[in-house]
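I opened this entry to look up helix geometry, ring pairs and charge pairs. My notes follow in the order I checked them.

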Amino acid sequence: MAEVKSFTREEEKMLFSTIRKFKDIEAERDLNWMLLMRYTARRVETVHLLNEEDALQALDKGYLHISSHMQKGGKKGNKRGLNKKQEIYLVDAARKALEALLRIRKKMISVSPEKQYDDKALILSRRRNRMSIRSYQERMTHWCNMAGIVKASPHWLRHTWAVRRLQNATTGTALREVQEVLGHEHITTTQVYTQPSRDDLRKSMQEAAL
């Protein structure tokens, strides 16, 4: 079984607290797309494709609608990917992240309203274009370095959601729920998250030392 790469609770706390120390608009933008990914378990490919209208509709309905083309394998011509529409419930943290991203977008545009910008994309780059997937990866690397934690990719946020959900599970349906939220076709794909996490292993080592 492949290793699940996710943040420990301490790393996650350090990452977000570090970004919050910076008050510039790019730091605020990065913090909120990370929080959105963390609390919706979305892939970076999906967040990259979100439009302003998607955010507005999600806040109105309480669910983030993910079209098939925004999912992994959802490109035109891929039959397996064309039936992967999802409705993701917005917990309070995800709702606040979307609200913040809409405010940030508006603020980035208002600085120079006469200059060209992407009139659809929710999350804008410094040049006010849709942020590229590579940019998300570079920004994550930047903030991991700033926080002094393990180098990670944005995908770790999705893994972290799954690991925390199973760690906090109180019912036997948790694995199926994680499968549904992540959009896995087979339960065997989701079972990778049942492996002991780094948090679990550290706790075991600490308990064994008593």
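**Helix 1.** I am working on a predicted model. I started with helix 1, residues 9–20. Its 12 residues at 1.5 Å a residue should span 16 Å, and the end C-alpha atoms are 17 Å apart, so the two values agree. Next I asked which residues of helix 1 are buried. I found Glu11, Glu12, Leu15, Phe16, Thr18 and Ile19. Looking down the axis of helix 1, I see the buried residues within an arc of 160°, so they line one face.

**Salt bridges.** I searched the whole structure and got 10 salt bridges. I looked at glutamate 12, which pairs with arginine 164 at 3.2 Å between the closest N and O atoms. Glutamate 12 is in helix 1 and arginine 164 is in helix 7 (residues 155–167), so this bridge ties together parts 152 residues apart in sequence. Are the two partners buried or exposed? Glutamate 12 is buried, because its relative accessibility is 9%. Arginine 164 is buried too, at 5%.

I then took arginine 126 and glutamate 26, whose closest N and O atoms are 2.9 Å apart. Arginine 126 sits in the loop between helix 5 and helix 6, glutamate 26 in helix 2, so the bridge joins parts 100 residues apart in sequence. Arginine 126 is exposed at 65% relative accessible area. Glutamate 26 is buried at 16%.

Glutamate 177 is partly exposed at 33%. Arginine 165 is partly exposed at 25%.

**Rings.** A search of the whole structure gave me four aromatic pairs. Tryptophan 33 and tyrosine 136 have ring centres 4.8 Å apart and planes at 75°; this is over 60 degrees, so the pair is edge-to-face. Tryptophan 33 is in helix 2 (residues 25–40) and tyrosine 136 in helix 6 (residues 133–147), 103 residues apart. Both are buried.

Tyrosine 63 and tyrosine 89 are also edge-to-face, at 5.5 Å centre to centre and 65° between the planes. They link strand 1 (residues 63–66) to strand 2 (residues 86–89), 26 residues apart. Tyrosine 63 is partly exposed at 39%. Tyrosine 89 is exposed at 52%.

I also noted arginine 38 over the face of tyrosine 39, at 4.9 Å from the ring centre.

Methods
Residues numbered from 1 in each chain as written. Predicted model: local features only at pLDDT ≥ 70, side-chain atom pairs only at ≥ 80, totals over all residues. Heavy atoms only, no water. Phe/Tyr/Trp six-rings, centres within 6.5 Å; stacked < 30°, edge-to-face > 60°. Helix = DSSP H or I, 4+ residues; strand = E, 2+ residues; numbered from the N terminus. Buried < 20%, exposed > 50% of the residue type's maximum accessible area, 1.4 Å probe, protein only. Lys NZ or Arg CZ within 6 Å of the ring centre and 35° of its normal. Expected span 1.5 Å × (residues − 1). Arc of directions from axis to C-beta. Salt bridge = Lys/Arg side-chain N within 4 Å of Asp/Glu carboxyl O.
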